[in-house]
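Please look through the sequence and the fold together before reading on.

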Amino acid sequence: MTTGTIMRYQRMLVPVLTLVLVMVPATCAQAQGEEVPRGPTFAARALQALIDGIQFGVIIAITSVGLSLIFGTIHLINFAHGEFVTIGATFAFFLNVSPAGPGWHLIPAALAAVVFGALLGGAVDRGIWRPLRARGTGLINMFIVTIGLSLLLRHVVLVLYGTRPASYAQYDIQSALDLGPAGITPRDLTVTLLSVLVLLGTAALLQKTRIGTAVRAVSANRDLAEASGIDVQRVVLFVWMLGGGLAALGGVFFGLVEIVTWDMGFKLLLLMFAGIILGGLGSAYGAMVGSLVIGIVAQMSTLWFPVDLQYAWALLVLILVLLIRPQGILGRAERVG
């Protein structure tokens, strides 16, 4: 044989040998009665995605309820609401992890973050929105102010917290509980159950208490509520404090199951808007339902499409639902004019 013929045979044998090396271990394992490892079935992956979607949805719901109530009472789209989420998460991080902080356990740090978020919401209303409302500032101008406030708060957090992602000191690494074909860590299960309890407590607050009745009355008809003797300014202040506290709690939960970053609230803001629009603008219950749908769709879409597109498919569902029901899932149809 010539040298060229030998080299041709070598090139022909390389793919054959590669295929043999790949198939021989699997063949030997089957011959010895060993099972070849297989990935999870589609049903198992779908169940896992559903569990993750419910967890993601209830966290979005906690953060979006206040945003929806604010719109319902004063018809303001608060673009800075995402920064309340970030501030809640980073404030708890400061109390829990930061060397400059007191090193509290995460539970009291989270409770303190909720209180701080409520106080921040009240301070923003008393210091900015109430004077603007008293001057008769238009909603478009106030919306532009919310954008400026969002940029200000986000970059204050950037300066104080930094750009490096971090996690809390407790409940970081855990083994998953076996739920048949799916699994969930005790941390994620606790966050999901607490989120559901908080949402149920918020619904009971709106339905069973005097302040909740006043909030619903102001949302339905502000002028009529004020003529009936309801202190509208007090109700609006309560809504801002409730929204700030819930946003801070949602930020702590989101930072616990994901990671704490300086722009985490801004990334979540689009999904919050999607949840309240899908559920019905101004409806707290609509925000809960819409956010749950958005969270489930976002996670279930990863079964077929890349993870980078999960938010896009959630927004596509929003568009399709609004084409069929423009007022949202629980919104009321209103006549224009």
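What follows begins with the overall architecture and then turns to particular helices.

This is a predicted model, in which local features need pLDDT of at least 70 and side-chain atom pairs count only at pLDDT 80 or more, while totals for chains, interfaces and linings use all residues. Residues are numbered from 1 along each chain as its sequence is written, and side-chain values use heavy atoms, with hydrogens and water left out.

The protein has 12 helices and two strands, these being DSSP runs numbered from the N terminus (helices H or I, at least four residues; strands E, at least two). Along the sequence they follow the pattern α-α-α-α-α-β-β-α-α-α-α-α-α-α. Of the 337 residues, 43% count as buried, meaning under 20% relative accessible area with a 1.4 Å probe and protein chains only.

Helix α2 and helix α6 pack at an angle of about 30°, with their axes 9 Å apart, where axes are lines fitted to C-alpha atoms over the stretch in contact and angles run from 0 to 180 degrees between N-to-C directions. That makes α2 roughly parallel to α6, a label for angles under 35 degrees. The residues of α2 that meet α6 include I54, V58 and L69, contact meaning heavy atoms within 4.5 Å.

Helix α11 covers residues 284-300, and its end C-alpha atoms are 24 Å apart, which agrees with the 24 Å that its 17 residues should span at 1.5 Å a residue, the expected span being 1.5 Å times one less than the number of residues. Among its buried residues are A284, M288 and I294, and what covers the buried residues of α11 includes α2 and α6.

Conventions: Buried means under 20% relative accessible area, exposed over 50%, partly exposed in between (1.4 Å probe, protein chains only). Angles under 35 degrees count as roughly parallel, over 145 as roughly antiparallel, 65 to 115 as roughly perpendicular and the rest as oblique.
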